[in-house]
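We will go from one stop to the next, selecting as we go.

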Amino acid sequence: MAILLSLSPHPPNLPHKPITLPTPKPTIPTTNTSSKRLFLLKTASLCIISLTPPYPIAHSSAEPSQPPKPALSGIANTKSWFQFYGSGFAIRVPPQFEDITEPEDYNAGLSLYGDKAKPKTFAARFSSPDGSEVLSVVIRPSNQLKITFLEAKDVTDLGSLKEAAKIFVPGGSTLYSARTIKIKEEEGFRTYYFYEFGRDEQHVALMAAVNSGKAIIAGATAPRSKWEDDGVTLRSAAISLTVL
């Protein structure tokens, strides 16, 4: 399987200044359809931030976090890792990571309606033994992320790499890297968007793709203090996302 990595906007081996995304002004959703879609768009990217550990991790506030190195500075070979197969996707899981997906989280992203029904949160969720590093996959209908009457077939249908950052990267985050990755398939190339960013004390690597009207988003996150040692592993896990 051939992988093409675009050189835009920055070559992966050249340092560049982080970009801080503006924090959107809070809005209160109303009962009309337009407001509901706006609310879903803003909360979709925040769902990946919920990839953070389910319990707090102790750290010293006396030592400020060091600025991370440029993203995509290293990718590990993941062929020997366990490959998890979900609904329409596959992803490699770092060694010693544990499956923490709740039973009701399987088949995430299916459209359910009714007073007692709600969408599932995670299609897959794994963590390091101490719970500080988490790899998760979420699935959402693409028309919840961007208003359209057409079924999205590729992530480019949600906009350019820069435009889609407003969907996948929460406001207020510091964006370290954004890349377009093309993977060769039988019928051509599939496009993936990759973003690496920091928010609060978390560092996140995110990979997103679209297939048959569904957005499949993989995110790997860890405290900034751990990214120096484990960033290559977590970045590689996120990039291993494959649409089936």
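A nonpolar core is a set of buried Ala, Val, Leu, Ile, Met, Phe, Trp, Tyr and Cys residues joined through side-chain atoms within 4.5 Å. Buried means under 20% relative accessible area. Keep both terms in mind for this tour. One caution: the model is predicted.

**Stop 1: the whole chain**

Select the protein chain. Its secondary structure comes to 4 helices and 12 strands. The chain has 244 residues, and 45% of them are buried. Now show the surface. The chain exposes about 13,400 Å², with 57% supplied by carbon and sulfur atoms.

**Stop 2: the largest core**

In soluble globular proteins, nonpolar side chains tend to be buried together. Which residues touch the most other members of the largest nonpolar core? Select Phe89, Val137 and Tyr192 to see them. This core holds 30 residues. Several elements give two or more residues to it, among them β4 (89-93), β7 (134-141) and β9 (188-199). Now select α4 (224-239), which is also on that list. With 5 residues, α4 gives the most to this core.

**Stop 3: around Phe89**

Zoom in on Phe89. Leave aside its neighbours within four places in sequence. Phe89 is then in contact with residues including Phe84, Ala123, Ala124, Val137 and Ile139. Its contacts also include Ile216, Leu241, Thr242, Val243 and Leu244.

**Stop 4: a second core**

Now select Leu145, Leu158, Phe168 and Ile217. They are among the 23 residues of a second, separate core.

**Stop 5**

Select β9. Is this strand mostly covered or mostly open? It is mostly covered, with 9 of its 12 residues buried.

β8 and β9 run antiparallel, and 11 bridges join them. Look for Ala178, which stands opposite Tyr195 in β9. The two strands, β8 and β9, form a hairpin with 2 residues between them.

How many bridges join β9 to β10? There are 7, and these strands run antiparallel. Find Phe194, and opposite it Met207 in β10. β9 and β10 also form a hairpin, with 2 residues between them. End on Asp200 in that turn: it has a positive phi of about 55 degrees.

Conventions: Residues are numbered from 1 along each chain as its sequence is written. This is a predicted model: local features need pLDDT of at least 70, side-chain atom pairs count only at pLDDT 80 or more; totals for chains, interfaces and linings use all residues. Side-chain values use heavy atoms; hydrogens and water are left out. Buried means under 20% relative accessible area, exposed over 50%, partly exposed in between (1.4 Å probe, protein chains only). Accessible areas come from the Shrake-Rupley method with a 1.4 Å probe; for residues, only the protein chains shown count as cover. Contact means heavy atoms within 4.5 Å. Two strands pair if DSSP finds at least two bridges between them.
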